[in-house]
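Student: Could you show me how to read salt bridges and buried residues in a structure like this one?

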Amino acid sequence: MVPESVRIKFRKTGRLRYISHLDLDRTVRTALVRIKIPVWYTEGFNPHAKIVFAQPLPLFAESECELLDIKITEKMPFEEIKRRLENAFTDDLHILDVYTPENSFRDIAFAEYRISGNFSVNENRVNDFLSKDININKKTKSGEKNVNIRPQIYSLKLNSDGTITTVLDASGNSYLNPDIFCRALLGDNADFLITRTNWFRSENHGITEFR
Amino acid sequence: MKLDAILKNVLKPGRYTGGEYGQVIKNKDKISARFAFCFPDTYEIGMSNLGMKVLYNALNMMPDVWCERVYAPWPDMEEQMRKNGIPLYALESLDPVKDFDFMGITLQYELCYTNVLNMLSLSDIPVYSFERDERFPIIVGGGPCTYNAEPLCDFFDVFSIGEGEESLTEMTSLYISMKKDGSYTKSKFLHRLAKIPGFYVPSLYNVKYNADGTIKSYTPIYDDIPEKIQKRIINDLDSAPYPDKFVMPYIETVHNRITEEVYRGCIRGCRFCQAGIIYRPVREKSPEKVNEQIKCLYENTGYDEVSLLSLSISDYSRLSKLTEILLEWTDNEKVSLSLPSLRADTFSKELMDRISSIRQSGLTFAPEAGTPRLRDAINKNVTEEEILHACSLAFGGGKANVKLYFMIGLPTETYDDISGINDMGTKVVEQYYKTENRVKGRHPSVTLSCACFIPKPFTPFQWCGQNTIEQLTQKQNFLSEKITDKHLRFNYHDAKASRIEAALARGDRKLSAVLYEGFKLGMRFDSWDEFFSYEKWEKAFKNAGIDMSFYANRTFSTDEILPWDIIDIGVTKDFLLREYKKSLDSVPTPNCREKCSGCGANRLGGVTAWCPKVSE
């Protein structure tokens, strides 16, 4: 059969906050072998399972919406794949959904984050923060660069429980690292926890569901 | 949580979080003994150690025991822990080590000794055993260095001598039963433990010294404990407990793959090699058992690489059968095999074809010495022709890189032997160009890697003094100037670190004072170049009033009582002495399969042993 694309949605929490993207990639690869998912292998000199993540999650952040695409070479019901995956990891990696992808990862335009922690921000600070250019020093390959991140902030709102919800640019060309955003808003030494909560596509100058 | 806050400030926080797939979690309320298994080096190294996996599994097979893992935190983490009042904790429960019943520390190499003291201190546990009352865990040492753990005697309550799969369960069972019947006190427990074979309780033996600093006597303080501690062995490897799963590290470790032990011991008896003597008698697993265990681990880990472990894999008597049954399924599942510890004399085209069937691992051979004369003296029975033939096979198989291991400073060595290292390297390069079916258009790269000889307890060379640093450096420089071929690369070990290893390896109880001085100087991670400081070691020896050369460079008399004579490893001192004398005449000894040389290890038993006397 033609390899079938399967999208896996999972939560990454707890001790996995300290595990980098590359380490997560390796963890998933060994797990897929363990639970005998018929994953499609590349056919090069060094065959390896073809698996693609939507986007790396910064170290120390949690997520409720991580996405991972695999291709399977034999028919297997999604409930069965989900059941096997649920037994393949510790509780810190919790499988939420297994489905056929409808959008390509290339179409991801924005990501939503919830920022919680030991800080206090009020409406005035938010309004002031959003009212002008936000210039930060960004380390790049060619040295430090002063950039304005204001255009990459789509929305920012204070929740009644003291947390912040923000939608930031997550497109390939102008992705904004939520860690940089938090430092700009809360200061370098602030104590915060970032949780990625959702993905969006662009549509008619607005944002819409990514699936 | 305090831990969360500090993990943001350290390198590789994944070393300190635990929570890996495959870790063993038990209900604390249903446990009678908690065992903190400590590896005194980084997570990446400790997680790659097979012995630790085997014993973690063996202990956790006991329903009333919970064994957890502990590794040495890197200095950046240590700083954060000390600053924030976080004591050393175990990765599964994150509970402090000081609340455990046992703290087991594996001693794999001498340069980790400073980490041992530092880990005790980080646990808020007094380093000296006499300072620890009933509130503290029993500190037990194990691993290869316990065959002479005298330098650590003041810090440990007990050493487990030999293979621990059975003895550690006996130890924890005794502890649990004494706790249950109310007879437990630490001193009663240690006394009873000392009567079980394989347990050395150093505080129960008095040592007297002669005026010249050598040992006069070892005397047990009770009549009912043995005068010598006999090492434990597993009689039948096929029925010994072996892990059916591994803890899967999230972060990259040194060996992140299936490791399968194929046999224990070695038939060769190279005269410098401690492992080849202390793990005797040779005992093999059956190919069917090896295959079954690998298959099980493959299914439970998902690793795509298998490493077959032993001291010399090509000496496994049924290697051909084993690779045959493994390749029946590993190829299809895209699992690759790697065979470390290949001997040049038994390396074959067939074997190479099999291991290169999916991915080819690098090829390394260990001639150890540059001339036939010295190879005979050290009993490394491999000829130049065999080495060149093996290299030629490798070159024909598409390889252009070969690494050759040698030693500098071996007993009876002359400058001719050192020149011989360069000669052999040059011949291997020539062999490359003589190999018709080599890959055309490439040039060879031959690495000559030279370690410094370190005299080790329980080897025929245990009496030999090490070359001084000056002698070793001179020899290294001499060889460096000899090597002119542009295809040869030369690297060598630091003579200073080798000297410390020699002093600790042949040390007696007086060296506890040196280790304590080192601890006070803040020494740790001495097996890491960035932390090893010879100057600090010199200072620690000086502060303790101990002469390093007495242990490192002195040729011990064959009549004197050696610090490790208290341990009975099966192989007799007579055999070692016979071998030592033969080495002085450059006479080799046949391997165990050719002829029994009466080493004595067969006294210990061992089914499926390759010892003719046991097989009869």
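Tutor: Let us begin with one residue, A:Asp188, which counts as exposed at 56% relative accessibility; exposed means over 50% relative accessible area, buried under 20%, and partly exposed in between, with a 1.4 Å probe and protein chains only. This is a predicted model, in which local features need pLDDT of at least 70 and side-chain atom pairs count only at pLDDT 80 or more, while totals for chains, interfaces and linings use all residues. Residues are numbered from 1 along each chain as its sequence is written, chains are lettered from A and ligands numbered from 1 in the order in which they are written, and side-chain values use heavy atoms, with hydrogens and water left out.

Student: With which residue does A:Asp188 form a salt bridge?

Tutor: A salt bridge is a side-chain nitrogen of Lys or Arg within 4 Å of a carboxyl oxygen of Asp or Glu. Here the partner of A:Asp188 is A:Arg183, with the closest N and O atoms 4.0 Å apart, and A:Arg183 is partly exposed at 38% relative accessibility.

Student: Is B:Glu284 buried or exposed?

Tutor: B:Glu284 is buried, its relative accessible area being 0%, and it forms a salt bridge with B:Arg318, where the closest N and O atoms are 3.1 Å apart. B:Arg318, by contrast, is partly exposed at 32%.

Student: How many salt bridges does the structure hold over all chains?

Tutor: Over all chains there are 56 salt bridges.
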